[in-house]
Amino acid sequence: GGAATHWLEGRSVGVNALSSDYAAAETYLWRRQLLLRDTGETTTLPPGRHEFLFSFQLPPTLVTSFEGKHGSVRYCIKATLHRPWVPARRARKVFTVIEPVDINTPALLAPQAGAREKVARSWYCNRGLVSLSAKIDRKGYTPGEVIPVFAEIDNSSTRPVLPRAAVVQTQTFMARGARKQKRAVVASLAGEPVGPGQRALWQGRALRIPPVGPSILHCRVLHVDYALKVCVDIPGTSKLLLELPLVIGTIPLHPFGSRSSSVGSHASFLLDWRLGALPERPEAPPEYSEVVADTEVAALGQSPFPLPQDPEMSLEGPFFAYIQEFRYRPPPLYSEEDPNPPSGAMRPRCMTC
């Protein structure tokens, strides 16, 4: 198995047409196994069906199978039957490899944001400024997930503009220091026109990722990248474009564990876009003895830290964990000195009695 790229580029030199051939290849897997041991003598098999079992251990770092216009990543099994005085018979079977891409990493759980602005011009006249800012909650997604797009479009020009968003796949083929790219839109959405002097907000517009192949980032001859492109079409001017990188993985987001590692970033992401507010000063905490009293815990049969009763509150888990961190004071520090020493009137008791 391996990767290969190939394409032709033509150019004209005077009246002559020249073409350049670009090709590159990279081998990932090459294993060979003899099913019948060669003893130096002819092995005769009786008539009928014969099966020979075999197995190969695949390395964990194989690149995902891919088929593109100017390159591919392919894996196959070839079997050859050698017979004396007869041409060899060959069989070939292709199989697919999926590279594990885990999106539960800090780099892929980090929010992505950006802002751009542009002056709308028409016939060398300034028509005003158009600004765009967009943000998504993380960088890594898997096919079938929905990307909530948060965006703000401020149209200070004299003409209406149209915001749009799309997930774009970019295939990059490399050979002999040259590059060949091919782009395709895999998902898109369009917003409503924004009139002159108006502003529009996208509060999590849903953009679903269709069944597509994962990102290929660790191949030396070809790459498959994804990006979320948010653009604003401005009449009479080139569009205003903002690009946010994406990584399409194969291991989906864990509902617990990984999300708690990004509580701070997720909470700040929602607060920046005015989707929630935490109290500036939490309510006064109860006494520690009231919270952890043995009798109360035994009577209730549950933890002194209450959990939300609404099952939908699990979606707001980061907020609950964030508030709980400040709601209860920590237990008192251990001290070797007794805070309630015995009175002097009490007679010391003999330890041997």
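Residues are numbered from 1 along each chain as its sequence is written, and side-chain values use heavy atoms, with hydrogens and water left out. Since the model is predicted, local features need pLDDT of at least 70 and side-chain atom pairs count only at pLDDT 80 or more, while totals for chains, interfaces and linings use all residues.

The chain carries six helices and 14 strands (DSSP runs, H or I of at least four residues for helices and E of at least two for strands, numbered from the N terminus). Of its 353 residues, 30% are buried, that is, under 20% relative accessible area with a 1.4 Å probe and protein chains only.

As for the pocket, what volume does the largest one have? It comes to about 1900 Å³, taken as the space filled by probe spheres set on grid points joined across faces, edges and corners. A pocket here is an open set of points on a 1 Å grid over the protein atoms alone, where a 1.4 Å probe fits, with protein on both sides within 12 Å along at least five of seven lines; lining residues have an atom within 4 Å of a point. The lining counts 43 residues, with Gln-33, Leu-35, Lys-78, Ala-79 and Thr-80 nearest the centre. Strand S4 gives the largest share, nine residues.

Leu-36 sits in the loop between strand S2 (16-27) and strand S3 (66-67). This leucine is partly exposed at 41% relative accessible area, the class between 20% and 50%.
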